[in-house]
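Hi everyone, thanks for coming along.

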Amino acid sequence: MIEGIVVKSTGSWYEVLIDRSTRIKARLRGKFKIKDLNVTNPIAVGDKVLCQLELGEEGTYVIHEIFPRENYIIRKSVHKAKQGHLIAANIDQMALIVTLYQPRTSLGFIDRFLVSAEAFRIPAIIVFNKVDLYNEEELETLNKLSILYTSLGYQCVVTSVVQDIGITELKLKIADKITLFSGHSGVGKSSLLNLIDVRLDLRTAEVSTFADKGVHTTTFAEMFTTAKDTYVIDTPGIKELGIFEIGQEELAHYFPEMLALMGDCKFNNCRHINEPGCAVISALKQGSLSPTRYQSYISMLNNEDNYR
Ligand SMILES: Nc1nc2c(ncn2[C@@H]2O[C@H](COP(=O)(O)OP(=O)(O)O)[C@@H](O)[C@H]2O)c(=O)[nH]1
Ligand SMILES: [Mg+2]
Ligand SMILES: [Zn+2]
């Protein structure tokens, strides 16, 4: 038996990294039941597995066992509403690549990502890319957002692939860790990864989005090694991690600044909408709670798709 880490999963075939350097092909035999997780795929990138060489086949392996996961990222299955789709497992941190240029990332999108990170208990980094293209107003917004999100406990990095800004800082933040890269198509995920490690040679400028064309393109998350013990997971085609299995009543727990306030709300089942004696609303009125964050909270609360 060989121990390895799943670096790619196409649904029927898996690529497993062994000895930190060799990729082998492996498959599952028979039905593989995962306890307690209602998902469409039993194994994800990042899973640690035990494989054995398949008899009679040439150089292919069978996955016999999955080690217990430290954590995982899951999203709603595209095909089966009540089921989830595993995106990655055993990750140290998730980086959201955003840009205030094109395709501009909305604050709602950033906040939904951060709520997911809180729910999965995984540290989050926000990478503001394409800073070389920002005008004065966008630079001012960048400054405000960096201050806001840093104060909430999220690391922020400002980068430019073209002008080589922030790349060393980003490299330091991902060193010796497993980091999932997420973000809209076109924000520069692959370009950043190529700059972090030139050997990756990932395809860039997939500008046309399949969403616009209504075509469902299947792409898969893939893990790369950029340095010894440093792994990154690129997630092409995964539009949004989304929130999954978060109840309306617990949503505020995943906004750290609201979590810190809600103990002072008059009612312990307060939803922080219009209840008397709500500490969150009073902080909002006093200006100590960010209006955009509160707006994200309300819009997530009102979006029924987010809930069970
Ligand atoms: N000016 C500028 N262009 C960038 C930057 N990063 C990426 N791009 C360009 O943005 C486009 C999309 O980049 P890509 O890496 O494919 O984005 P991905 O879809 O997130 O992987 C490409 O044409 C890149 O050359 C940057 O920092 N500055
Ligand atoms: Mg890409
Ligand atoms: Zn309240």
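Thr99 is buried because its relative accessible area is 0%; buried means under 20%, exposed over 50%, and partly exposed in between, using a 1.4 Å probe and protein chains only. Before I go on: this is a predicted model, where local features need pLDDT of at least 70 and side-chain atom pairs count only at pLDDT 80 or more, while totals for chains, interfaces and linings use all residues. Residues are numbered from 1 along each chain as its sequence is written, chains are lettered from A and ligands numbered from 1 in the order in which they are written, and side-chain values use heavy atoms, leaving out hydrogens and water.

So, what does Thr99 touch, not counting residues up to four places away in sequence? Its contacts (heavy atoms within 4.5 Å) are Arg104, Thr105, Asn129, Lys130, Tyr134 and Val187. With Asn129, a polar atom of the Thr99 side chain lies 2.9 Å from the backbone oxygen.

Now for the metal. Which residues are the protein donors of the zinc ion (ligand 3)? They are Cys265 (SG), Cys270 (SG), His272 (ND1) and Cys278 (SG), at 2.1 to 2.4 Å. Donors here are N, O and S atoms within 2.8 Å of the metal (3.2 Å for Na, K and Ca); water is not among the atoms, so sites may look incomplete. Along the sequence, the donor residues follow the spacing C-x4-C-x1-H-x5-C. Two of these residues, finally: Cys270 counts as buried because its relative accessibility is 10%, and Cys278 is buried, with a relative accessible area of 5%.

Conventions: A polar contact is a pair of N or O atoms within 3.5 Å; within protein, one must be able to donate a hydrogen and the other to accept it, and residues adjacent in sequence count only if both atoms are side-chain atoms.
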